[in-house]
Amino acid sequence: MPEPNLPRRRGLKVAARTGQEIALKNAPASATPAAALLRDSLVWDHHTCMPLRPDDTSFLPQLARHKAAGFDAVTVNVGFGDMGPEPHLRMLAALRRWLGERPDAYVLVETADDIERARATDRLAVGFDIEGANAIGDDLGLVQRYYDLGVRWMLLAYNQGNRVSGGCQEEDGGLTPLGRALIAEMERVGMQLCLSHTGHRTVRDALAVATRPVIFSHSNCAALHAHPRNIPDELIRACAATGGVVGINGVGIFLGRNDISPQTYARHVDHVVQLVGPAHASIALDYVFDIGELDEYMRTKQHTFPPGLGYELGARFMPPEEIGEIVATLQSWGYAEADLKAILGGNLMRLARTVWKPLSGRPLAEPVVG
Ligand SMILES: [Zn+2]
C-alpha cells in the first residue's frame with residue numbers, strides 16, 4: 001500500500017509510527033492526542049442512518065454513542081429513494097418528539113449557533129437530511145416545510161432518476177426544469193444542496209445553475225476505488241470551487257473492497273485534501289444502526305441496490321467510535337491541528353453560517369453571511 005500523500009501546502013513529513021505513539025494508543029482514551037483534539041474541536045457527523053420506522057424508537061438511545069465517541073453534532077437521515085412525502089414527515093415528527101422529550105441530552109438544530117450551544121452544554125446537536133427529491137412529490141412548497149422541521153440538506157436523486165434528476169447508478173438524463181426550480185427554492189429557503197447519489201451529468205447541470213456552495217455530503221473518491229457512488233476528481237474540484245465540501249462516508253463497499261479500516265477512510269480524506277485543500281473535506285460516516293432493516297431494503301429494493309455493484313456483500317459500516325482512530329491516523333501523517341479541526345466540523349460550520357437561513361415566519365434576527 002503506498003504511503004498517503006501529504007498536505008502540499010505545509011510540506012510536512014510523514015511521521016512513522018513510533019514506539020511512543022503505539023504506547024499512547026494503549027493509554028486511557030483521554031490521554032491520547034486524538035482524544036484531546038476531539039475534546040477541543042467541534043465534531044460533526046453529517047450523515048447517519050437510524051431505522052426509518054416512525055413507530056419504533058428502540059434504536060434512538062444509541063444516538064448517545066455519537067456523543068460518547070466525541071461528536072457534538074449529527075445529521076440524521078429521515079428518508080431516501082422512492083419514499084414520498086408522508087414517510088418523511090412521519091419520521092420527522094417521530095424524531096422531533098423523541099428528541100424534544102430529552103432536552104438534557106439533545107438540541108434540535110435550527111441555527112448554526114444551536115450547534116455551538118449544544119457543544120457548550122455537553123449535549124448532542126441533531127439536524128436532519130433527505131436523500132432524494134421524491135420527498136417533495138411535485139410540491140416545491142414542502143422544501144420550506146422540511147427546512148422548518150430541521151432538514152438542512154437534501155440530495156436530488158438516490159441512485160435512480162426521478163422527476164428532477166438522474167441517479168448515479170443508471171443512465172442520467174440530466175437536470176429537469178422541475179429540478180432547476182427545486183434548486184432555486186432550496187437556495188431561497190437556505191437548505192443545502194447535496195449532490196451525492198446523483199448522476200454525474202445532473203451534477204454538472206446543477207453546478208451550472210447553483211449560485212450557493214454545494215456539497216457532496218457523503219461521497220468517496222473514484223480515484224481510490226471505482227464505484228458509481230464515488231466521484232471523480234473533476235467533480236471534487238468543481239464542488240470545492242463553489243466553496244462546498246466533500247464528506248467521506250464509512251461504507252466499506254465505497255471505501256474499497258468492503259474495507260472499513262480507519263487508514264482507508266483517512267486515505268479518502270487525504271485524497272480530497274491533496275486535490276482541493278483541507279477547507280473542503282468533512283466527515284459523514286453513514287453508519288447504519290439497524291443492519292436488519294438495510295438487509296430488508298437490499299432484498300426488496302434491488303433496483304436501488306443492484307447486487308452487481310457490491311451491495312450483496314453485506315456492506316460494512318464504520319461506527320462512530322472509530323473517529324478517534326481516523327484522527328490518530330491523520331495526525332500520524334502530519335496533519336496540522338487547524339486542518340483537522342476544519343475537517344472534523346469547522347468546514348460544515350462555515351457552510352451552516354453561509355447557506356442556512358432563518359425559519360419561515362422568523363425575522364432576520366442575525367445577519368446571514370453571504
Ligand atoms: Zn446515502
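Here is a short tour of a predicted model, with stops at a helix crossing and at one residue.

Stop 1: Select residues 33–40, which form helix H2, and residues 323–332, which form helix H13. Two packed helices are described by the angle between their axes and the distance between the axes. Here the angle is about 110°, and the axes lie 8 Å apart. H2 and H13 are therefore roughly perpendicular to each other, and their crossing is right-handed.

**Stop 2: the residues at the crossing.** Now show side chains. From H2, pick Pro 33, Ala 34, Ala 35, Leu 37 and Leu 38; from H13, pick Ile 323, Gly 324, Val 327, Ala 328 and Gln 331. These make the contact, and by class they are eight nonpolar and two polar residues, with no charged ones.

**Stop 3: along H13.** Stay on this helix and colour Ile 323, Ile 326, Val 327, Ala 328, Thr 329 and Leu 330, which are buried in H13. What covers them? Just after H13, click on Gly 334, where phi is positive, at about 95°.

**Stop 4: a threonine in H11.** Move to helix H11, residues 262–276, and select Thr 264. Is Thr 264 buried or exposed? It counts as buried, because it has 20 C-beta neighbours inside 10 Å. Beyond its neighbours within four places in sequence, Thr 264 is in contact with Leu 255, Gly 256 and Asp 259. Finally, draw a C-alpha to C-alpha distance from Thr 264 to Leu 224: they are 40 residues apart in sequence and 9.4 Å apart in space.

Notes
Residues numbered from 1 in each chain as written. Predicted model: local features only at pLDDT ≥ 70, side-chain atom pairs only at ≥ 80, totals over all residues. Helix = DSSP H or I, 4+ residues; strand = E, 2+ residues; numbered from the N terminus. Buried ≥ 20, exposed ≤ 12 C-beta atoms within 10 Å, placed from the backbone. Contact = placed C-beta atoms within 7 Å. Axes fitted to C-alpha atoms, helices over the stretch in contact; angles between N-to-C directions. Parallel < 35°, antiparallel > 145°, perpendicular 65-115°, else oblique. Left-handed = near helix turned anticlockwise from the far one by under 90°. Nonpolar A, V, L, I, M, F, W, Y, C, P; charged D, E, K, R; others polar.
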